[in-house]
Amino acid sequence: MDKSPSCTMIETQLSGIYPFIEKDELESKWMPKAYDAHMLLEKGEGPARNTTGWLRLPWELEASGLSEIKETAARINETSDILLVIGIGGSYLGAKAVIELLAPDSGGGLNRTKVIFAGTGLSGAHTQRIMKSLEGKDFSINIISKSGTTTEPSVAFRIFYGLLSERYGNKATQRVYSTTDANSGALLKLSREKGFKTFYIPGDIGGRYSVLTPVGLLPIACAGIDIDALVEGACLAGKEYSVKAPENPVWQYACARQALYDAGKKIEILSAWSPEYRYFGEWWKQLFGESEGKDLRGILPVYLEMTADLHSMGQYVQQGERMMFETFIWTETEDEGVIIPYDDENLDGLNYLAGKSVDYVNLNAMAGTKEAHMDGGVPCIELRTGVVNARCLGALLYFFQLSCAISGLIGGINPFNQPGVEAYKKNMFRLLGKT
Ligand code: PA5
């Protein structure tokens, strides 16, 4: 495990925003608001009442241990080629993000069990593809829903539990693991009636802040990822980012976002420099979009995969309407990685790169892109993290959760509710004839 102290300290570089906003303004106007927001979170007042269990969760987990989750994961690993995780939104994106970053090449698992996801939509064709992928495989199900009533996972569970029962008869119940609220919901009732092994989501932790609860930890542990290290990273980050001072990287990121929004920059682009970040980008989009997009306000979060998207969206970012700022996320690499070879013929003209690593080229692509986008009028924030491993990722998850809560409160909204999500459901239920 990486024990370097720098691993959990995300470095926030703001030099790329000062051509666009005053440094003094950030310190005199926004930092005091960050202080107030941080205190509100810690005291659990206002919108932070009964919604901030995630703030102290890593220490609670460290104290209580993760043995129940690890034992369950070991049982699933022994009995299953596939763990089918059924959930949507905050009940899936955190686990998917971590697994894609730390266990990408093995198709969702470092060991025998491959973790795949269902209930993330309502496409029949996609459901059929998942059914096909289960043919001839031993599988178990982890159904995750805090409310226990969300349509997409409920539909998927009915279908896949049916399949499980066909396959394993009355032993099927032993292959279902449910993760839900401790006090209410249809899934809780179903779990009790059928006798499923059940994990509970603390009442004061909402979906998009729940990756470090059993919602994320059970699938992540099943994929063979070190969840102790993940929690340890979050603990270290929690300590580091509890500091009430303008040097706190969380405050810097949160304040920079709100100052830029105030200056008319309505869109934030998160640019990550490896395809494995794709689902981390989806998790980040949900966290910020669902937390901040309300009351006719809020920064629109957009994720770009670099360098691929420079060849599709790069033109817009460079010369389209000037309404965005960009946050570059750069992670250190462990070693030199892949080296570009020398070629005698040099027909492609690439010998000037011979002996250099692909990551070195990537780093320079990022530096060049940042310079170009700033020249094009796009304020740029840079977040630098240590090598991507479980510990570092735990810290990064905590960094963004705290940044999001502070940013939302500074922006004058409640970052813990999502009243707008109900609108489509009402219409869908009417169209489907739900009584
Ligand atoms: O952040 C949230 O609360 C939501 O995005 C939920 O995670 C999502 O709607 C899924 O809800 P549930 O876990 O109740 O099925």
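**Figure 1. Helices α9 and α14 are oblique to each other in this predicted model.** Two packed helices are described by the angle between their axes and the distance between the axes. The axes of α9 (residues 227-240) and α14 (residues 390-410) cross at roughly 45° and come within 6 Å. Angles of 65 to 115 degrees count as roughly perpendicular and those under 35 degrees as roughly parallel, and α9 and α14 are therefore classed as oblique. Their crossing is right-handed.

**Figure 2. Residues of α9 meet residues of α14 in a contact.** Helix α9 contributes Ala229, Leu230, Glu232, Gly233, Ala234, Leu236, Ala237 and Gly238. From α14 come Ala390, Arg391, Leu393, Gly394, Ala395, Leu397 and Tyr398.

**Figure 3. Five strands form an open sheet with parallel pairing.** The strand order is β3-β2-β4-β5-β6. Strands β3 (114-118) and β6 (197-201) are the edge strands, each pairing on one side only. From one strand to the next, the twist averages 20°.

**Figure 4. Strands β4 and β5 pair in the parallel sense.** Five bridges link β4 (residues 139-145) with β5 (residues 176-181). Within this view, Ile141 stands opposite Val176 of β5.

**Figure 5. Helix α3 packs on the sheet.** Helix α3 (residues 67-79) touches β2 (82-86), β4, β5 and β6. The direction of α3 makes about 140° with that of β6.

**Figure 6. Helix α7 lies across β4, β5 and β6.** This helix spans residues 186-194 and runs at about 140° to β5.

How values were computed
Residues are numbered from 1 along each chain as its sequence is written. This is a predicted model: local features need pLDDT of at least 70, side-chain atom pairs count only at pLDDT 80 or more; totals for chains, interfaces and linings use all residues. Side-chain values use heavy atoms; hydrogens and water are left out. Two strands pair if DSSP finds at least two bridges between them. Helices (H or I, at least four residues) and strands (E, at least two) are DSSP runs, numbered from the N terminus. Axes are lines fitted to C-alpha atoms, for helices over the stretch in contact, and angles run from 0 to 180 degrees between N-to-C directions. Contact means heavy atoms within 4.5 Å. Angles under 35 degrees count as roughly parallel, over 145 as roughly antiparallel, 65 to 115 as roughly perpendicular and the rest as oblique. A crossing is left-handed if the near helix is turned anticlockwise from the far one by less than a right angle, and right-handed if clockwise.
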